[in-house]
Amino acid sequence: MVDRQKRIGKLISGSLLSGLEAKLSEDVNVEDISVGRLVVVDGKENKFFCLLKDVSLQATNEDILLNPPSDDFAKQVHAGINTFYKLSIQPMLVMPQNPMEDDRPRPSTTVPPHFSNVCEATEKDVSLIFGKPDKNSPEIGSPIFMDVPVCLNLEKFCKRSNAIFGKSGSGKSVLTRMVLGYLIKSDLAVNLIFDMHGEYGWSATNESTGIDDPSLRQLLGSKVAIFTVDGDSPLYRRVRPDYDVQIPYSAIEIADLELAAGELGLTQAGIETMYRMSDKWGEEKWLSRFLEMDTDDFPAVVEDLKVNEQALGKLHRCLIRLKKLPFIRKEVADDTVERIMGEIQAGRHIVFQFGRYNSMLAYILVANILTRRLHKLYIDKTDFARAEGIEGPKPLIITIEEAHKFLDPQVARQTTFGTIAREMRKYNMVLLLIDQRPSGIDDEVLSQVGTRIVGELGDERDINAVLTGLPNQGTLKILINNLEPRQFLLTGFALPMPVVIDAKNYSSFCDEVSIGSGIILDAVKQKKVFDDLNTKVYGDDQIIFD
Amino acid sequence: MTDRIGEVIQVYTTRFLAQSDNLLNPPYFGSFVRAESQGMSIYGLVFNVYETSIDPNRRAMAFGIEREELLKQQPQIAEFLKVEFEAAVIGFNDAGRIRAYLPPFPPRIHSFVYPCSKQEVLDLTEDLEFIRSINSLPGLPVEELVAASIRLAYRERGSDRNFLVRAGQEIAQLLKDEYEKARSIIRRISDGR
C-alpha cells in the first residue's frame, strides 16, 4: 500500500453529535467509496480519525432534478457544481498532527475546522490506532479495502465478558476459533469452551472447500484438553479425547432442568412436582429414584406427595429423556468439575465436546451444571485468596454457543451464566458468548458485554439487540447492515474505535499459532499406542460400561 | 496590415461597432477580434453582424435575381451596401499581458480591427473569465454567443475535451441559479464536439 494520503473530499458541515459531512472531490469516483471505511480529517493541529457511515446524492438546484442532464458530457459538467456527493462521517478519535512518543489517540471531543481535507486513512494511521501485532494483541483482520493489521487487545478482552454475533454462514465460527486460538496462545486466561458442534477440537470442516481445517487441538497441541460426553464418537477416531465425562444424577439441580424446560417439555406443574420430590426425597436423590420408577409406582407417590397423578406421569415421560443421554448416570467414578479445575490450575485449556449428543438438551444441561459448580468453586477460591492475600485462581473465559438459550430474559436473572455476565470479572470468570440470535439475550447482559464482534445479521431485531448500550448506534447499524460474509464489525472495550474488518485468512492464522506439524504426528502415534494396548489387554471385545 | 477586417465607427466602454472592409468576408458570429488603438490591443467578441444600405434613408430593394447574378449585371449596387459588425469588449492587452476585463477606455473611432491570432484566442479563453463578462452585458444573445465562442476556442485547441468540460463547468457555476440557461448553452457546446 502506498503510504500517501489520498484526499477524497472537504469538510462542509456537521456536528460532533450527529457526525460530520464532507463534499466528495470531483476527481474521486463515488463508486470507489464505501461505507465502513476509515477516513482521516486533517485539522489544523489534530488528525481526526473517523468512520465513513453514509454516502448520499445531493443537488444544489431543484431544477436539475426535474430536468436531469441527458448525456455524459452534461453530467460531467454539472458534477461538483449542481450535483455532488455528500459523505457522512463520524469522528471517533483524535490525535495531534505531530504526535509525541507517548501520544495515543483519544476520543474526539470537538470537530475539525471548515473545509479541512478528508483523506483515506493510510497504513500509518491504522497502525497508530490499532497498534502493531504481538502476542497479546494479535492481528485478527484488516480494515475493509486495506491491507493493514487490526489488532485485538487481548489483555483488555479478557477483562470483560465478550460476544461474537453473526448469522450462520457469516464466518463466525472461524473467527471465534481464531480469537480462541490467540487467547490460548497468549495464556492470559484459561479457556473453557462448550463446543456444541464439534468445531474447536481437533479439526473442523471448512464450509467453502469441504476439507477439514485444523482446529485448536491440532494447532496448539497439549495446551488444549478435549473433554467429551461421547468418547465413542467417530470424531475421536484419530485422536483420543483427554477425558470422558460422566455426570451423576445427583449433580443435576432442578434449576438446570428448568433451564431446559423447553427441550424437555416441562410444564409449570411438572416443575412444582419436582420441587415437592426434592423436598421429600432429598436434593441429590430424588431424580435417580424417580427415574427408576415405573407407572405402577405412581399411586404411592401421589399419595405420599399429594400431587396430581397426570402431572406426575407427564413429568416422568419428560424426564425419562435424560436416560437417553448415556453420560448421565447414577454413579460416576470421577468428578468432572474437579478434573476441569485441575486442568485449569495446570493452565490447560478445555474444549468440551458433545459428539453425537449435540442436542440442545444435552448441551444446556451439561454446560449449566458444570458452569454452576465451577462458578461456586471460583467464588470460594477467589474469596479465600482475597482473605489470605494470595493470588486467586487463573482468570477463566467460558465460551458458550447458542448463548441465548442460557441468557434468555426470562431465565438470565437466575442462571449462573446470567450471574457471571453481570458480575463481570469480580471472580476471575468471564463469558464469551457466541450466538446467531442476539435478540434472545437479556438486555442487561448485552449491555455488560465488553467487546462485540458482529458479523452479518439478517434480522432487524438482532441488529438492534447487538447495539444495546453502545454509543453512535445509528452509525454502527449502517455498518452492520453492509457487512458481507467474513466481514465483522469490531467495537467495544478491547478496541480504540469501532472498525469493520475483513477477517484474517484462516491458513495464515494456522501458520502463526501452530506449534508445528510435529504434534499432529505425535497425537496420531499416541492414539495408535493406546489402541494397541487396548487390543492387547481386552482383545477385540468392545468394553461397555453400565 | 493586410489582414485588417474593419474599422471602428462607434464606441462604448463595453462594445464597439466596426464597418467591414469587405462585403465578401465578414467576421463570424462569436469570433474574437482585436482593435488596435493608442498602442493597446482591445479584444472583442463579435455578437452582431449585419449588411445594410450605405444611405440610412434608402433601403435596399428586391430585384428578383440571384445575388451573384445581380452583382455581375449591376456591379454598382455593391457600392451602395456595407457590412457592419458589433463586438462586445472582453479584455485588452496591457504591456504584453492579456487582461480578461474591461480596458480603461474603448478603442477610438477609425481604429482598425483585426482577427485574433490563434495564440490570442488561447490566451483569452484560458481562464474563461470572458463568459462572465458577456453574461453581464445587457442586450446580448448570451446563450448563442457563449456557445459559439467556446466552440471556436475548442477547435483552436485541437478539440481538447478537457477544455470543453472546464468551460461547461464554468457555465454551470456562473449560471447556477439559471439552470435552464446553463443547460441550453451546455447542449450547444456539446454539439460542437
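How do the residues lining the second largest pocket divide into nonpolar, polar and charged, and what are the counts? The lining holds 16 nonpolar, 15 polar and 14 charged residues. The model is predicted.

## The second largest pocket

Rolling a probe the size of a water molecule over the atoms shows where empty space is left. The second largest pocket holds about 990 Å³ of space. Its lining is made up of 45 residues. Closest to the pocket centre are A:Ser173, A:Arg177, A:Glu199, A:Ala204 and A:Thr205.

Four elements of chain A each give two or more residues to this lining: α5 (172-186), β12 (203-205), β13 (212-214) and β20 (429-435). Of the contributors, α5(A) gives the most, with 6 residues.

## The interface of chain B and chain A

The size of an interface is often given as the accessible area lost when the parts come together. Between chain B and chain A, about 1400 Å² is buried. Carbon and sulfur atoms give 61% of that area. The contact draws 15 residues from chain B and 15 residues from chain A.

What is the count of salt bridges between chain B and chain A? The count is 0. Polar contacts do occur: 4 residue pairs are found across the interface, with both residues at pLDDT 80 or more. On the chain B side, α5 (161-174) and α6 (179-191) each supply at least two residues that touch chain A. The most comes from α5(B), with 7 residues. The chain B side divides into 6 nonpolar, 4 polar and 5 charged residues.

## Salt bridges

Side chains of opposite charge can pair when their charged atoms come close. Over all chains, the whole structure has 37 salt bridges. One pair is A:Glu460 with A:Lys477, whose side chains meet at 2.8 Å, N to O.

Which helices hold the two partners? A:Glu460 lies in helix α18 (residues 460-466) of chain A, and A:Lys477 lies in helix α19 (residues 473-481) of chain A. The pair therefore ties together parts that are 17 residues apart in sequence.

Methods. Residues are numbered from 1 along each chain as its sequence is written. Chains are lettered from A and ligands numbered from 1 in the order in which they are written. This is a predicted model: local features need pLDDT of at least 70, side-chain atom pairs count only at pLDDT 80 or more; totals for chains, interfaces and linings use all residues. Side-chain values use heavy atoms; hydrogens and water are left out. On a 1 Å grid over the protein atoms alone, a cavity is a set of points where a 1.4 Å probe fits but cannot get out, and a pocket is an open set with protein on both sides within 12 Å along at least five of seven lines; lining residues have an atom within 4 Å of a point. Grid points are joined across faces, edges and corners, and a volume is the space filled by probe spheres set on the points. Ala, Val, Leu, Ile, Met, Phe, Trp, Tyr, Cys and Pro count as nonpolar, Asp, Glu, Lys and Arg as charged, and the others, Gly among them, as polar. Contact means heavy atoms within 4.5 Å. Buried area is the accessible area (1.4 Å probe) that two parts lose on being put together, summed over both. A salt bridge is a side-chain nitrogen of Lys or Arg within 4 Å of a carboxyl oxygen of Asp or Glu. A polar contact is a pair of N or O atoms within 3.5 Å; within protein, one must be able to donate a hydrogen and the other to accept it, and residues adjacent in sequence count only if both atoms are side-chain atoms.
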